[in-house]
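Me: Hello! I have just opened this structure and would like a friendly tour. Could we go through it by question and answer?

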There are 2 protein chains.
Amino acid sequence: VTENPAANALDVPRSLPDFESWWSRRQEACRFQVSQIPFRALDQWYFDQDSGNLRHRSGRFFAVEGVWQREDTADAGTRPILHQSEVGILGFLLREVRGVPQVLVQAKAEPGNINGLQISPTVQATRSNYMRVHRGADTRYLEYFQGRDNRRVLVDSLQSEQGEWFFRKRNRNMLVMVRPDIPVYDDFHWLDLGLLRGLLGVENLVGMDARSVLSCTPFSGPRAAAGRGQGEFLDALAASYTAAGPETGALHTETEILSWFTEAKAASGLTAQLIPLNQVRDWTRSETEIADSAEDSFKILAVDIDAPGREVASWNQPMLAPAGRGIAVFLARRVNGVLHVLVQALAQHGLRDGLEVAPTVQLPGAAGSFLEQALTEDVTQVRFDTVLSEEGGRFYHALTRYRVIETAEAFPAEAPEAYCWLTVRQLMDLVRHGHYLTVEARSLLACLHSLW
Amino acid sequence: VTENPAANALDVPRSLPDFESWWSRRQEACRFQVSQIPFRALDQWYFDQDSGNLRHRSGRFFAVEGVWQREDTADAGTRPILHQSEVGILGFLLREVRGVPQVLVQAKAEPGNINGLQISPTVQATRSNYMRVHRGADTRYLEYFQGRDNRRVLVDSLQSEQGEWFFRKRNRNMLVMVRPDIPVYDDFHWLDLGLLRGLLGVENLVGMDARSVLSCTPFSGPRAAAGRGQGEFLDALAASYTAAGPETGALHTETEILSWFTEAKAASGLTAQLIPLNQVRDWTRSETEIADSAEDSFKILAVDIDAPGREVASWNQPMLAPAGRGIAVFLARRVNGVLHVLVQALAQHGLRDGLEVAPTVQLPGAAGSFLEQALTEDVTQVRFDTVLSEEGGRFYHALTRYRVIETAEAFPAEAPEAYCWLTVRQLMDLVRHGHYLTVEARSLLACLHSLW
């Protein structure tokens with residue numbers, strides 16, 4: 001890994017071909033072989049004798065444990081879950097060159113990615129790095145997310161991850177403005193923020209962590225677009241970026257939204273607690289996987305990674321492999337010329353405060369009664385439709401189909417009790433605070449940002 | 001309990017004498033005897049054989065369990081804790097009569113109150129009431145906090161309670177506007193909101209739940225007060241109600257504050273989990289109390305209540321009795337003519353997300369290095385100084401000295417790392433969302449509202 005002075009030149013236009021040529025070079029440099037192995041071939045991981053939990057010998061990283069759900073006092077089942085209590089940093093560096101904002105993207109290979117390399121934030125670091133207790137190479141650029149000088153913090157919030165698969169996991173999402181002339185290393189590249197938004201439409205390219213930070217970025221939104229193709233939709237989208245309440249065209253006040261969400265939380269009887277993995281019922285462990293008898297949710301398996309040229313050239317680890325492709329859909333609707341999306345208050349056993357604001361349809365999670373509309377193939381309604389990957393460091397080939405569907409005028413503006421119509425601005429106001437939007441809802445919010 | 005039509009008359013001025021005469025009548029009607037009893041005399045409570053937990057036979061209300069704290073992987077001790085997983089509603093009804101806002105206060109006696117009766121919100125109801133699974137008399141006015149019609153919700157958020165004594169307890173704080181002519185029952189009284197604010201300066205009168213809801217109330221603040229006594233202080237207080245960021249005189253932007261708090265959360269290594277009470281070390285149970293050998297924090301004891309004239313005329317229950325009086329102090333300082341208060345990011349084992357924003361000094365909790373200034377007897381600096389009660393349904397004679405101290409100009413405006421200077425408006429913006437301010441910080445915010 002070397003520094004490439006030319007990569008930082010302030011007069012280089014950050015064009016798409018420029019990005020593509022860097023990306024091809026990174027793909028050539030990244031040779032990556034992933035193969036499934038039996039659990040007993042894991043060298044740093046073991047099944048704890050008492051609990052049956054699958055753990056790393058250091059006690060760090062994550063563990064596969066069990067979770068027990070209850071609905072009020074009724075047993076609502078047990079299953080395996082990933083437990084990682086450390087808070088990590090997911091951070092983009094931002095600079096401005098001649099008025100154009102650029103972010104420093106990282107080409108990062110993860111074993112669970114279906115295609116090896118994806119676009120990641122400048123920094124992905126765990127608290128062990130963060131608190132400097134870890135040995136090993138320093139994380140590049142970490143100092144910009146820790147110090148208090150020479151930087152301006154634009155985004156800084158703790159956000160959740162998959163509530164079906166992780167127990168109360170959260171990461172710190174950050175966007176930090178720096179001076180333009182910092183060093184750029186081989187795996188990094190300055191990319192116009194507008195180009196990055198556009199790349200969200202490419203399958204399995206912009207990774208989950210990058211989408212999460214993008215969703216927290218305080219965009220001012222598109223300018224009104226009358227006269228262009230899709231003009232009416234873009235006008236409604238533009239209006240949605242400024243509609244904070246009824247006086248600017250939103251259906252609801254912020255207080256109404258907070259009250260809707262508070263009521264859902266107060267009414268929810270779901271509680272969840274960790275249990276030893278060997279107390280999980282109806283799941284069995286073979287030589288190569290932990291699976292439930294129905295095989296309809298996910299498996300835990302072990303993989304071996306061979307990555308010549310990387311600092312750590314080979315390792316092995318357990319991963320969670322979902323049984324099928326996920327679905328996350330915002331149904332959207334123009335109301336008073338302002339685009340609104342339909343969200344649900346969704347209870348999931350891995351969410352820290354029991355429930356968060358999720359897309360209209362989120363699977364795994366809940367489809368409610370909108371699955372048919374969400375899967376429409378009517379191209380006049382489809383505004384966004386791309387398969388993107390969930391985090392490849394923990395999940396093996398976890399793909400989700402992200403869609404934004406603009407429903408016909410006939411679609412009812414009245415929302416069922418667990419649902420609410422929000423504007424883009426109202427989603428952005430919520431995501432400033434942690435634990436409001438699920439990671440799937442945040443990904444979709446990032447996708448909305450790609451539509452202009 | 002009967003309805004008193006005259007109590008609702010819209011032409012009755014809501015004067016202080018009017019309140020006082022109602023209050024005296026309620027005190028006469030409330031005869032209340034509380035005496036300590038041995039645990040074995042509790043008729044509906046028992047020590048669970050396996051866990052040693054002290055529980056109610058119904059499984060409802062609360063339980064005395066144990067909590068185990070760790071700081072990263074290091075053992076940080078065990079102690080008893082109250083566990084109550086049900087979410088309750090704490091709600092005030094609000095009406096406007098000739099432009100004057102009035103809230104419907106309740107005279108409520110609780111066994112732990114040092115003086116029996118205190119001012120409570122219109123409704124205090126648990127989720128059991130809320131979900132209508134409870135038998136017994138209906139909770140008065142509950143329907144206004146549940147329906148969706150004939151009301152306007154002004155406040156609705158989930159807020160924490162004492163992180164030293166409760167494990168992840170939270171209540172729903174609500175303020176709901178209704179039409180002025182609803183029935184008023186004996187234990188209830190319409191009180192000008194301004195009068196209620198003023199009553200915060202009376203010792204042990206406005207209860208903790210009422211203070212909590214008041215702290216969430218979106219006051220517009222005092223008008224600038226040049227020319228009156230304390231004019232400069234009131235001007236700075238008035239400016240503090242509008243200072244949302246540096247452009248209006250605040251030291252910090254909202255983003256800086258959120259980032260400061262996120263960093264504190266991410267850096268905190270404190271975790272806590274429930275354990276069986278019989279696994280708590282260094283605490284012993286006698287016939288009459290559970291206490292630690294040092295006796296410097298609290299005891300668990302049992303009391304018998306005799307309340308002739310109440311629907312339930314006698315019962316007994318366990319309570320938590322603190323060893324000494326608590327202290328909660330905002331150090332305040334004028335910066336650019338705007339009043340700022342110094343808050344700390346405080347980790348406590350009972351807080352749902354590990355830490356919340358607390359007063360400069362909060363005991364039990366943390367005194368940091370500001371205890372001496374916080375306890376100053378220099379009357380030129382003391383803006384508020386009143387002993388108020390914590391919730392009397394769970395805590396026995398739990399008193400806290402609440403103070404607002406305006407520090408001299410020489411006091412450093414630079415805050416230590418765990419601290420930050422916030423304006424009143426910034427506190428009010430945070431408290432719209434749950435789990436930002438400790439209940440002690442919320443009480444003090446309510447006290448700030450009483451200063452004009």
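## The lining, the contact and some backbone details

Me: How do the residues lining the largest cavity divide into nonpolar, polar and charged?
Reply: Please keep in mind that this is a predicted model. The lining of the largest cavity is made of 28 residues. They divide into eight nonpolar, 10 polar and 10 charged.

Me: What is the volume of the largest cavity?
Reply: Searching the whole structure turns up 10 cavities of 30 Å³ or more. For the largest cavity, the volume is about 460 Å³.

Me: Which residues lie nearest the centre of the largest cavity?
Reply: Both chains take part in this lining: strand S10 (152-160) and helix H6 (254-267) of chain A, and strand S10 (152-160) and helix H6 (254-267) of chain B, each supply at least two residues. Nearest the centre are A:Gly434, A:His435, B:Gly434, B:His435 and B:Tyr436.

Me: How much area do chain B and chain A bury between them?
Reply: The contact takes 35 residues from chain B and 35 residues from chain A. Of the area buried, 40% is on carbon and sulfur atoms. The buried area is about 3000 Å².

Me: Which element gives the most to the side of chain B that touches chain A?
Reply: Between chain B and chain A there are 17 residue pairs in polar contact, with both residues at pLDDT 80 or more. On the side of chain B that touches chain A, the elements giving two or more residues are helix H2 (127-130), S10, strand S11 (170-177) and H6 of chain B. The one that gives the most, with nine residues, is H6(B).

Me: How many charged residues are on the side of chain B that touches chain A?
Reply: The residues on that side of chain B also include 11 nonpolar and nine polar ones. The number of charged residues there is 15.

Me: How many salt bridges are there between chain B and chain A?
Reply: Over all chains, the structure holds 47 salt bridges. One salt bridge joins the side chains of A:Arg432 and B:Glu254, at 2.4 Å from N to O. Between chain B and chain A, the count is eight.

Me: Which residue meets A:Arg170 in a salt bridge?
Reply: The side chains in this salt bridge are 2.8 Å apart, N to O. The pair crosses between chains, from strand S11 (residues 170-177) of chain A to the loop between strand S19 (338-347) and strand S20 (355-358) of chain B. The partner of A:Arg170 is B:Asp353.

Me: Which residue does a cis peptide bond join to B:Pro364?
Reply: B:Pro364 sits in the loop between strand S21 (361-363) and helix H7 (371-374) of chain B. In chain A, a cis peptide bond joins A:Leu363 and A:Pro364, with omega about 0 degrees. For B:Pro364, omega is also about 0 degrees, and the residue joined to it is B:Leu363.

Me: What is phi of A:Phe61?
Reply: A:Phe61 belongs to the loop between strand S3 (54-56) and strand S4 (63-71) of chain A. Its phi has a positive value, in a residue other than glycine. That phi is near 60 degrees.

Terms used: Residues are numbered from 1 along each chain as its sequence is written. Chains are lettered from A and ligands numbered from 1 in the order in which they are written. This is a predicted model: local features need pLDDT of at least 70, side-chain atom pairs count only at pLDDT 80 or more; totals for chains, interfaces and linings use all residues. Side-chain values use heavy atoms; hydrogens and water are left out. On a 1 Å grid over the protein atoms alone, a cavity is a set of points where a 1.4 Å probe fits but cannot get out, and a pocket is an open set with protein on both sides within 12 Å along at least five of seven lines; lining residues have an atom within 4 Å of a point. Grid points are joined across faces, edges and corners, and a volume is the space filled by probe spheres set on the points. Helices (H or I, at least four residues) and strands (E, at least two) are DSSP runs, numbered from the N terminus. Ala, Val, Leu, Ile, Met, Phe, Trp, Tyr, Cys and Pro count as nonpolar, Asp, Glu, Lys and Arg as charged, and the others, Gly among them, as polar. Contact means heavy atoms within 4.5 Å. Buried area is the accessible area (1.4 Å probe) that two parts lose on being put together, summed over both. A salt bridge is a side-chain nitrogen of Lys or Arg within 4 Å of a carboxyl oxygen of Asp or Glu. A polar contact is a pair of N or O atoms within 3.5 Å; within protein, one must be able to donate a hydrogen and the other to accept it, and residues adjacent in sequence count only if both atoms are side-chain atoms.
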